[in-house]
Amino acid sequence: MLKPVTLAEFDTAVRSGELVLVYYTATWCGPCQKVSPVFETLEGCTLVKVDADAGGDILDSQGIESIPSVQVWKNGVKVNTVQGIRPDKLTNLHKELMN
(Lines give C-alpha, C1' and ligand atoms only; values in the text may rest on other atoms or scores of the structure.)
Protein backbone atom coordinates (compact mmCIF):
# COMPACT_ATOMS: atom_id res chain seq x y z
CA MET A 1 0.00 0.00 0.00
CA LEU A 2 1.30 3.43 -0.97
CA LYS A 3 1.04 6.31 1.53
CA PRO A 4 1.89 9.58 -0.24
CA VAL A 5 2.38 12.80 1.72
CA THR A 6 3.33 15.25 -1.05
CA LEU A 7 1.54 16.11 -4.27
CA ALA A 8 4.44 14.68 -6.28
CA GLU A 9 4.18 11.37 -4.41
CA PHE A 10 0.42 11.37 -4.98
CA ASP A 11 0.79 11.98 -8.72
CA THR A 12 3.23 9.07 -8.96
CA ALA A 13 0.95 6.83 -6.88
CA VAL A 14 -2.21 7.37 -8.95
CA ARG A 15 -0.27 6.59 -12.11
CA SER A 16 1.30 3.45 -10.62
CA GLY A 17 -1.28 0.96 -11.85
CA GLU A 18 -4.11 0.23 -14.24
CA LEU A 19 -6.67 0.48 -11.42
CA VAL A 20 -5.90 2.56 -8.34
CA LEU A 21 -8.13 3.11 -5.30
CA VAL A 22 -7.25 6.16 -3.20
CA TYR A 23 -8.59 6.19 0.36
CA TYR A 24 -8.71 9.46 2.31
CA THR A 25 -8.70 8.94 6.07
CA ALA A 26 -7.54 10.26 9.45
CA THR A 27 -6.63 8.59 12.72
CA TRP A 28 -9.16 10.71 14.64
CA CYS A 29 -12.07 9.90 12.26
CA GLY A 30 -14.48 7.38 13.81
CA PRO A 31 -16.12 6.24 10.54
CA CYS A 32 -12.64 5.89 8.99
CA GLN A 33 -11.74 3.32 11.65
CA LYS A 34 -14.56 1.12 10.31
CA VAL A 35 -13.61 1.57 6.64
CA SER A 36 -9.82 1.17 7.02
CA PRO A 37 -9.79 -2.59 7.76
CA VAL A 38 -12.02 -3.24 4.73
CA PHE A 39 -9.86 -1.07 2.46
CA GLU A 40 -6.69 -2.85 3.54
CA THR A 41 -8.07 -6.25 2.45
CA LEU A 42 -8.95 -5.23 -1.13
CA GLU A 43 -7.06 -7.06 -3.87
CA GLY A 44 -6.60 -6.75 -7.61
CA CYS A 45 -5.75 -3.05 -7.64
CA THR A 46 -3.19 -0.60 -6.32
CA LEU A 47 -4.16 0.80 -2.92
CA VAL A 48 -3.21 4.34 -1.92
CA LYS A 49 -3.96 5.67 1.56
CA VAL A 50 -3.84 9.43 2.20
CA ASP A 51 -3.90 10.71 5.78
CA ALA A 52 -5.87 13.95 6.02
CA ASP A 53 -3.45 15.46 8.52
CA ALA A 54 -0.23 14.56 6.73
CA GLY A 55 -1.54 15.02 3.18
CA GLY A 56 -3.79 18.06 3.49
CA ASP A 57 -2.47 19.52 0.22
CA ILE A 58 -3.51 16.33 -1.55
CA LEU A 59 -7.06 16.52 -0.19
CA ASP A 60 -7.28 20.18 -1.24
CA SER A 61 -6.00 19.43 -4.75
CA GLN A 62 -8.58 16.67 -5.16
CA GLY A 63 -11.53 18.62 -3.72
CA ILE A 64 -12.03 16.18 -0.85
CA GLU A 65 -14.29 17.86 1.69
CA SER A 66 -15.23 14.93 3.92
CA ILE A 67 -13.67 11.69 5.06
CA PRO A 68 -13.70 8.79 4.69
CA SER A 69 -13.61 9.16 0.92
CA VAL A 70 -12.44 6.97 -1.95
CA GLN A 71 -11.36 7.86 -5.48
CA VAL A 72 -11.08 5.47 -8.40
CA TRP A 73 -8.29 6.07 -10.92
CA LYS A 74 -7.95 4.10 -14.16
CA ASN A 75 -4.76 4.42 -16.17
CA GLY A 76 -3.86 7.68 -14.41
CA VAL A 77 -7.30 9.30 -14.87
CA LYS A 78 -9.72 9.93 -12.00
CA VAL A 79 -13.06 8.33 -12.89
CA ASN A 80 -15.02 8.41 -9.62
CA THR A 81 -15.07 9.97 -6.15
CA VAL A 82 -17.24 8.73 -3.28
CA GLN A 83 -17.20 11.00 -0.23
CA GLY A 84 -18.51 9.70 3.09
CA ILE A 85 -18.06 6.08 2.04
CA ARG A 86 -19.15 3.22 4.33
CA PRO A 87 -17.62 -0.27 4.54
CA ASP A 88 -20.50 -1.91 2.62
CA LYS A 89 -20.36 0.71 -0.14
CA LEU A 90 -16.59 0.24 -0.46
CA THR A 91 -17.01 -3.53 -0.77
CA ASN A 92 -19.69 -3.09 -3.45
CA LEU A 93 -17.62 -0.53 -5.36
CA HIS A 94 -14.63 -2.88 -5.36
CA LYS A 95 -16.75 -5.80 -6.59
CA GLU A 96 -18.11 -3.67 -9.45
CA LEU A 97 -14.60 -2.60 -10.45
CA MET A 98 -13.31 -6.18 -10.44
CA ASN A 99 -16.04 -7.42 -12.82
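I took a disulfide to be a pair of cysteine sulfur atoms within 2.5 Å. With that criterion, my search of the whole structure returned one disulfide.

The model is predicted, so I noted its limits: local features need pLDDT of at least 70, side-chain atom pairs count only at pLDDT 80 or more, and totals for chains, interfaces and linings use all residues. Residues are numbered from 1 along each chain as its sequence is written, and side-chain values use heavy atoms, with hydrogens and water left out.

**Cysteines.** I found the disulfide between Cys29 and Cys32, with the sulfur atoms 2.4 Å apart. The link of Cys29 and Cys32 is right-handed, with 75 degrees about the S-S bond. Cys45 is in no disulfide; the nearest cysteine sulfur to it belongs to Cys32, 18 Å away. I then looked up burial (under 20% relative accessible area is buried, over 50% exposed, in between partly exposed; 1.4 Å probe, protein chains only). Cys29 and Cys32 are both buried. Cys45 also counts as buried, at 17% relative accessibility.

**Fold.** I counted four helices and four strands in the protein, taken as DSSP runs (helices H or I, at least four residues; strands E, at least two) numbered from the N terminus. The order from the N terminus is α-β-α-β-α-β-β-α.

**Whole chain.** I recorded that buried residues make up 43% of the 99 residues. The C-alpha trace spans about 35 × 30 × 20 Å along its principal axes. Of the contacts (heavy atoms within 4.5 Å) with a separation of 6 or more, 63% join residues 24 or more positions apart.
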